[in-house]
Structures are given as C-alpha cells and as structure tokens.
Amino acid sequence: GGALYPPPPPPPPKAPPAEPARPAMYGIGLKVADYPPHAILEVNDLRDEQGRSIKSATRKGDILEAINDVSVHDLSIEQLELFVFGPKDTTVSLLMVSKDTQRPYHVHALRHIPISFALGISLTLRRPFQVQRVDELLDAQNNNVNHLVEPGDIVEAFNGMSVAELAIRPVQDIIFGPIDSIVNLTLRSVRTNGTYELAVKRHLPAVSWQRWEEYGGMTQDAGSSVVSSGIENAAENEGAEGGNVVGFGNDDVTGEFI
C-alpha cells in the first residue's frame, strides 16, 4: 500500500469583507443653527445649478424649513446633514421662510463643497499623540470597536508610517480624510506598554466631529485645542485628503456648515 499523508490543513478563515466605501459627499455652503429652528447664520458659498454664486438668494436669520420637501423643523443637525450632503454637482431644494416677511421661498443649491470625514476619536495636538477621548470607532465592517482603545494610549504609526519620523498634523493627517477611508493605527497601550494594531474607518462628517470636540470636555493643557487650531488649519488644505473644513465662527447661536 502507498504511504499515508496527513490531510492538508484547512485554509485560514477569510476576514469578513469590508463594507463598500460610499461616494464622496459634498455640501452647499450655508451655516445653520445647530438646534431648531434652523436659522441661517451665514451664507458662505451658496451656488445655483450652473455653479454661479447666489449668496444673495437667502439672508442671515431666515429659517430653513424643509430640504427636498422633507420638513427639518424637528430634526437635529446630524439628521439635517443627511438630507443636505450628497454627490458632487447634484442639487438640493431648500424651503426657506423670510425673517422679515414670514413668507416662504425656495432656493435650489448646488452640492459643491467637499466634506471631510473623521475617525470617532480625539487626539492631543502635540507629541506624543495620545488618545484623549473615544467617541465612535468603527472597523471596516462597521462594528463598534471603542472597547479596544483606552484614553491615554499613544499613536505610534498610521498606515505604516511612524509618527516620530514625520511632520504629522494629527487632525488633518490621521483623523480627517475621505468618507469610509480606512486608517491602520499602531498604538501603545498606556496600561500594558504593549503595542497593538487597529484598522478603523473615517465615517463621521468632520463638522460633527468638530462639534464633539467643542462639547466633549477638551482639556486645553493637554495640547488639544483642536477647535482653535486644528479646524482652522484644515481650511487651508482644500481638496487635500478629499475635503476641507471652512469658516467655523463664534456666533452666539452655535451652528455648523452644511
């Protein structure tokens, strides 16, 4: 009889497929109040279907009542964003109400401002880049992996690049990027001093991430004045990494650009 050979080992299990990346998202260039009624706080770069400026089509203080015939009167700013953001060079219909005359009017606005997306994590701005807060970390399959990271852990590398060797800006280079892009992080545990790998996706609109930074209890002495420095600097990089963040002001009523 022939020699008996052990059966070949079974193939290793395949990793579950990553969720497909969504197409890039674009906004329309209005700043609206965070809370209903969603008043217009600033007309930044509103354009019509042909890309022409229509900054005079609406006025500060007018109320955004509906988007594409969907009432936004009771929506949070996060819900409102879902109706505004969309593919480049498509249009969105806005129903406005004049603060002066109380009369409704329509504006057809072009989606043309690229929207950056962010990891659900906060880092200090100065080395070592420490995790300051974990808000909503998702892996490639959209699973929440908040439990894998602890505040105080240190980012040592991202996408195979050592942060010690590069002029890294943690907000623009690590946190911000195109929608659903994957970031491979190497972190050092503050508890065990061991390193671990983590692949997470950019899934939060950068404007939402910025709001979390404002209200999330940032500690200025930890080198993490992200709102005052990281966000403004990000505006200088329009188009880089697939998006930009523009014009966060200091109104009495808090709002954000859509």
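**Contacts, strand pairing and cores in the predicted model**

The side chain of His203 reaches the backbone oxygen of Glu136 at 2.7 Å, a polar contact being a pair of N or O atoms within 3.5 Å, of which, within protein, one must be able to donate a hydrogen and the other to accept it, with residues adjacent in sequence counted only if both atoms are side-chain atoms. The structure is a predicted model, in which local features need pLDDT of at least 70 and side-chain atom pairs count only at pLDDT 80 or more, whereas totals for chains, interfaces and linings use all residues. Residues are numbered from 1 along each chain as its sequence is written, and side-chain values use heavy atoms, with hydrogens and water left out.

His203 lies in the loop between strand 16 (195-201) and strand 17, helices (H or I, at least four residues) and strands (E, at least two) being DSSP runs numbered from the N terminus. With a relative accessibility of 10%, His203 counts as buried, a term that denotes under 20% relative accessible area, as against over 50% for exposed and the range in between for partly exposed (1.4 Å probe, protein chains only). When residues up to four places away in sequence are not counted, His203 touches Arg22, Phe117, Ala118, Gly120, Glu136, Leu138 and Asp180, contact meaning heavy atoms within 4.5 Å.

Ala118 also stands opposite Phe176 in strand 14. Strand 9 (residues 117-118) and strand 14 are paired in the antiparallel sense over two bridges, where pairing requires that DSSP find at least two bridges between two strands. These strands belong to an open sheet of three strands with antiparallel pairing and the order 14-9-17, in which strand 14 and strand 17 (204-205) are the edge strands, each pairing on one side only.

The structure holds one aromatic pair, defined for rings of Phe, Tyr and Trp (its six-membered ring) by centres within 6.5 Å, with planes under 30 degrees apart classed as stacked, over 60 as edge-to-face and the rest as tilted. The ring centres of Phe176 and Trp209 are 5.2 Å apart and their planes lie at 80°, so the pair is edge-to-face. Phe176 counts as buried at 3% relative accessibility, as does Trp209 at 0%.

In strand 6 (residues 91-97), five of the seven residues are buried, leaving the strand mostly covered. Strand 6 pairs with strand 4 (residues 63-67) in the antiparallel sense over four bridges, Val97 being the bridge partner of Ile63, and seven bridges join strand 6 to strand 7 (residues 104-110), again antiparallel. The hairpin of strand 6 and strand 7 has six residues between the strands, and Gln102 there takes a positive phi near 65°.

The largest nonpolar core comprises 26 residues, of which Ile121, Leu137, Val149, Val155, Ile174, Leu185 and Leu187 touch the most other members; such a core is a set of buried Ala, Val, Leu, Ile, Met, Phe, Trp, Tyr and Cys residues joined through side-chain atoms within 4.5 Å. Among the elements that each supply at least two residues of this core are strand 10 (120-123), helix 2 (170-175) and helix 3. A second, separate core of 25 residues includes Val32, Leu46, Leu75 and Ala109.
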